[in-house]
Amino acid sequence: MRSARFLVLPALLLAGLLIAAAPMLTQLPPSKGSPQVGEIAPGFTLPDTGGKPVKLAELLADPSAAAKRPARTAPALLLLFYRGYW
Amino acid sequence: MRIVAVSVDPVDVTRTHGEKQGFTFTFLSDTKAEVIRRYDLHHAGGFGGADIARPAEFLLDADGKVLWRNLTESYKVRAKAEEILKVMDALAGGSASKP
């Protein structure tokens, strides 16, 4: 039917646009507000696997780790953010 | 140096997974993604419609200052241990990579 033919091209264009846009739909956020090198990382308090609240400041001040560091400016903590949903 | 991980998974999920995998580091639960948002790592609907964190690593000094950071473009890509050790070497004067 002639009317159906007129729909094919727009449908193909739409499909093409959706395919091209698909990567953008799941694109990662730009994270411009994430702390940069030289900035102070935001503090927090979160529960550990035992349900005990743990503060970032406490982790940074861990005395057993501090004893092994050569200087205050040496790495004290590696903070890893995981995706989740194991 | 302490190692601390954060994810949106609840405490019991992380504990179970950690026991299976033999995690020896501190693993914290950010179920409401509040800290993830504070670090601007929130990835809305990033995994099957669920809100997650984009993977990221931060190396901090004792004052909480960021010495190095790595924000990956995919949850399948993480900084390798060797890369982090090299960074630590450069920052701490060559002693970090020794066992």
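Guide: Let's start with chain B of this predicted model: of its 99 residues, 47% are buried.

Visitor: What makes up chain B in terms of helices and strands?

Guide: Chain B has three helices and six strands. Read from the N terminus, the order of its elements is β-α-β-α-β-β-β-β-α. As for contacts in chain B between residues at least 6 apart in sequence, 15% join residues at least 24 apart.

Visitor: Why is F27(B) called buried?

Guide: Buried means under 20% relative accessible area. F27(B) comes out at 3%, so it counts as buried.

Visitor: And what makes F23(B) partly exposed?

Guide: The partly exposed class lies between under 20% (buried) and over 50% (exposed). F23(B) has a relative accessible area of 27%, so partly exposed is the label.

Visitor: How many aromatic pairs are there over all chains?

Guide: Eight. One of them is F23(B) with F27(B), a stacked pair.

Visitor: Why is the pair of F23(B) and F27(B) called stacked?

Guide: Two values settle that, since a ring pair is described by the distance of the centres and the angle of the planes. The centres of F23(B) and F27(B) are 5.7 Å apart, and pairing needs them within 6.5 Å, so they pair. Their planes are 20 degrees apart, and under 30 degrees counts as stacked, so that's the name.

Visitor: What makes Y39(B) and F58(B) edge-to-face, then?

Guide: Their centres are 5.5 Å apart, with 70 degrees between the planes. Over 60 degrees is edge-to-face, so this pair gets that label. The pair links distant parts of the chain, 19 residues apart: Y39(B) is in the loop between helix 2 (34-38) and strand 3 (42-47) of chain B, while F58(B) belongs to strand 5. Both Y39(B) and F58(B) are buried. Ring pairs also link them with F44(A) and F81(A) into a cluster.

Visitor: F81(A) brings us to strand 3 of chain A. How do you know that both faces of this strand are covered?

Guide: Look at each side in turn. L77(A), L79(A) and F81(A) are buried on one side, and L78(A) and L80(A) are buried on the other. That's five of the five residues in strand 3 (residues 77-81).

Visitor: Why say that strand 3 of chain A pairs with strands of chain B?

Guide: Pairing takes at least two bridges, and strand 3 of chain A has five with strand 1 (residues 2-7) of chain B, so they pair, in the parallel sense. There, L80(A) stands opposite A5(B). Another five bridges join strand 3 of chain A to strand 5 (residues 56-60) of chain B, this time antiparallel. L77(A) has L60(B) as its bridge partner in that strand.

Visitor: And why is the contact of R2(B) with D62(A) called a salt bridge?

Guide: The N to O distance between the side chains of R2(B) and D62(A) is 2.8 Å, and the cut-off is 4 Å, so it qualifies. The count between chain A and chain B is one salt bridge, alongside 25 residue pairs in polar contact. On the side of chain A that touches chain B, strand 3 gives the most, with five residues.

Visitor: How many residues are in contact across the two chains?

Guide: 48 of chain A with 57 of chain B. About 5200 Å² is buried between the chains, and carbon and sulfur atoms give 64% of that area.

Conventions: Residues numbered from 1 in each chain as written. Chains lettered and ligands numbered in written order. Predicted model: local features only at pLDDT ≥ 70, side-chain atom pairs only at ≥ 80, totals over all residues. Heavy atoms only, no water. Buried < 20%, exposed > 50% of the residue type's maximum accessible area, 1.4 Å probe, protein only. Helix = DSSP H or I, 4+ residues; strand = E, 2+ residues; numbered from the N terminus. Phe/Tyr/Trp six-rings, centres within 6.5 Å; stacked < 30°, edge-to-face > 60°. Contact = heavy atoms within 4.5 Å. Buried area = accessible area lost by both parts, 1.4 Å probe. Polar contact = N/O pair within 3.5 Å; in protein donor to acceptor, adjacent residues only side chain to side chain.
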